[in-house]
Amino acid sequence: MNTIQPAKITKVLPDSIAEEIGFTVGDAIVAINGTQPRDLIDYQFLCADEILELEVLDATGKTHHVEIEKDYDDDLGLEFATALFDGLIQCNNRCPFCFIDQQPPGKRTSLYLKDDDYRLSFLYGSYLTLTNLTAREWQRIEQMRLSPLYVSVHSTEPDVRIRLLKNHRGGEILSQLRWFQERRLQIHAQVVVCPGINDGKHLERTLRDLTSFHTGELPTVASVAVVPVGLTRFRPQEDELIPVTREKAQEVICQVKLLSQEFRQEYHSSVVWLADEWFLIAGEELPTEAEYEEYPQIDNGVGSIRLFIKQFTQTATELLPPKITNQRRLTWVVGNAVETAFQPLVEQLNSVAGLEVNMRALSSDYWGQSISVTGLLTGHDLLLNLKGQDLGEGILLPSVMLKHGELIFLDDMTVAEVSQKLNVSIFPVAGVEELINTCLQAD
C-alpha cells in the first residue's frame with residue numbers, strides 16, 4: 001500500500017468556509033477527526049460530519065489544529081492537487097490495444113501512467129478492469145457504496161478476455177458482475193471491439209451476458225458502450241490487432257442495431273449503444289437524438305456529436321445576432337471524423353453578417369490515422385496542415401485536444417509554441433457557449 005500524503009490544497013473557493021477560516025493555497029490537510037484521508041472519497045465522507053477537527057500543515061511546514069462547526073452537507077470549499085493522496089493504482093494488464101502503449105517514448109511522465117483505479121472510476125467515470133483489486137478494496141467498494149463504477153469488459157468469455165487483457169484474472173468477470181448484483185451496486189460497461197478476436201459471435205455472447213444483468217429496479221449493468229479499437233502507428237507490431245475497416249464498421253452497426261431492438265422490447269431500453277466512431281468509419285448517418293435515451297455513455301463518445309449539434313443549435317438561436325459590427329474571420333479546427341456532421345453548424349455561424357468561420361477538418365499524421373476524432377489532434381498536426389496559411393484572426397481550438405487544465409497537446413507541444421509557429425492567436429474553447437462567444441468576441 002502506498003504511503004498517504006497530506007492533501008495539498010490548490011484552490012480555496014471564494015466565500016467558502018475554508019476562505020473564512022483562512023486556508024491558503026499550499027496548505028495541506030493531514031487528518032480529519034483523527035483519520036488520514038486516502039483520497040477525495042475519504043475526504044468527502046469525513047467532511048460530512050457537523051464537527052470537524054482538522055490537522056493542517058501550512059506551506060512553511062508548521063502544524064495547526066483547526067476545529068470547524070458546520071451544517072452536515074456544507075462543503076469546505078477546497079480543491080486539491082490530486083484526487084488520490086496515496087498514489088495511483090496502476091494497471092496490471094497488458095492489453096495490446098492500450099493507448100498508453102501506443103504512444104512514442106520520451107513524452108511527459110503522466111502520459112505513461114496506466115490508470116486502473118476504482119476511485120477515479122467512481123469520481124470521474126474512467127474505466128477499470130477489476131483485475132487488480134485486493135480484498136480490502138472490494139470491501140471498501142461495498143461499505144462505501146461506490147456505485148456506479150465504469151468497467152472495461154471487452155468479453156465475458158473467460159478465454160477471450162484473458163487473451164485481450166493478457167491476465168489470467170481477466171476470466172473472473174462474470175463472477176465479479178454477480179458480486180455487484182448481490183450488493184445492488186451498478187456498473188457501466190464498455191466493450192472495445194478488436195476484429196478477429198472479440199467480434200462476431202463473441203460480441204453477441206458478451207452483449208447478451210451483460211444485458212442479462214440489466215434487470216430489476218436497479219440494474220447491475222446500467223449501460224454498455226461498444227467502441228472500435230483505435231490503433232496508432234506507434235503500436236507494437238506483434239500485437240495481433242487489425243484496424244476496423246468500413247466494412248467491419250457496417251457489420252458491427254448492423255449486428256448491434258438488431259440486438260438493441262431485441263433488448264428494447266425486453267428491457268424497455270437499448271441498454272447497448274455504439275460509439276459515434278462506428279458511424280463515422282462506416283460513413284453512415286448518426287442515430288437520432290431519441291435513440292440515445294439519457295446519454296448514459298456520453299463521456300465514452302456515445303452520442304457526443306448528436307448532443308453537441310443539439311446544444312449548438314439551441315445556443316446559436318439564443319446568442320447569434322443577425323450581424324456584428326466588427327468583422328471577424330476565424331479558423332475552427334476539428335477532427336475530420338466530424339467534418340460532415342459539423343458542416344451545418346459552420347453555415348449557421350456564417351449566417352451572421354460580418355462573421356466568417358472556416359472549418360479545417362484534419363486527420364492525425366502524428367498518430368498515423370486517416371480518420372481522426374478531434375480529441376486526438378496534436379500540435380504536430382496543426383503545424384503540418386496549417387503552416388503558412390491565412391487563418392484569419394485566430395484558431396478556435398476545442399479544449400478536448402489539450403491536457404485537462406493545461407495548455408498542452410498530447411504530443412507535449414504547448415498552445416503558445418504552436419501559436420508562435422503559425423503566427424496566429426489560438427483561442428481554446430470548451431463547449432458550445434464558449435465557442436459562439438469567442439466568435440462574437442469583438443462585439
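The legends below walk through several close-up views of one predicted model.

Before starting, note that residues are numbered from 1 along each chain as its sequence is written, and that side-chain values use heavy atoms, with hydrogens and water left out. Because the model is predicted, local features need pLDDT of at least 70 and side-chain atom pairs count only at pLDDT 80 or more, while totals for chains, interfaces and linings use all residues.

View 1. Helices (H or I, at least four residues) and strands (E, at least two) are DSSP runs, numbered from the N terminus. Along its principal axes, the C-alpha trace spans about 60 × 55 × 45 Å.

**View 2. Here is an open antiparallel sheet of five strands, in the order E4-E3-E2-E1-E5.** Two strands pair if DSSP finds at least two bridges between them. Strand E4 (63–69) and strand E5 (78–80) stand at the edges with a single partner strand each, so one side of each has no neighbour in the sheet. From one strand to the next, the twist averages 45 degrees; angles run from 0 to 180 degrees between N-to-C directions, and axes are lines fitted to C-alpha atoms, for helices over the stretch in contact. Within this sheet, four bridges link strand E2 (residues 28–32) with strand E3 (residues 51–57) in the antiparallel sense. To find your way, look for Ile29, whose bridge partner in E3 is Val56.

**View 3. A second open sheet has five strands with parallel pairing, ordered E6-E7-E8-E9-E10.** Its edge strands are strand E6 (127–128) and strand E10 (272–274), each pairing on one side only. Strand E9 (residues 221–228) runs parallel to E10 and is joined to E10 by three bridges. A handy landmark is Ala225, which has Trp273 in E10 as its bridge partner. Helix H8 lies across E9 and E10, running at about 155 degrees to E10.

**View 4. Helix H7 (residues 200–211) packs on helix H8 (residues 246–267) at an angle of about 20 degrees.** Their axes are 11 Å apart. H7 and H8 are therefore roughly parallel to each other; angles under 35 degrees count as roughly parallel, over 145 as roughly antiparallel, 65 to 115 as roughly perpendicular and the rest as oblique. Residues in the contact include Leu203 and Leu207 of H7, and Val256 and Phe263 of H8. Contact here means heavy atoms within 4.5 Å. By class, the contact residues are seven nonpolar, three polar and three charged. Ala, Val, Leu, Ile, Met, Phe, Trp, Tyr, Cys and Pro count as nonpolar, Asp, Glu, Lys and Arg as charged, and the others, Gly among them, as polar.

**View 5. Helix H10 (residues 304–319) and helix H14 (residues 431–439) cross at roughly 45 degrees.** Their axes come within 9 Å, and the two helices are therefore oblique to each other. The crossing of H10 past H14 is right-handed. Among the residues that meet are Phe308, Phe312 and Leu319 in H10, with Val432, Leu435 and Ile436 in H14. The contact of H10 with H14 divides into seven nonpolar, three polar and one charged residues.

**View 6. Helix H12 (residues 379–386) packs with helix H13 (residues 415–422) at about 10 degrees.** The axes of H12 and H13 are 10 Å apart, and the helices are therefore roughly parallel. Gly379, Leu382, Leu383 and Leu386 in H12 meet Val418, Lys421 and Leu422 in H13. Five of these residues are nonpolar, one is polar and one is charged.

View 7. A cis peptide bond, with omega about 0 degrees, joins Ser147 and Pro148. Pro148 belongs to the loop between helix H4 (135–143) and strand E7 (149–152). Asp15 sits in the loop between strand E1 (7–12) and helix H1 (17–21). The phi of Asp15 is near 60 degrees, a positive value in a residue other than glycine.

Definitions and conventions. Left-handed = near helix turned anticlockwise from the far one by under 90°.
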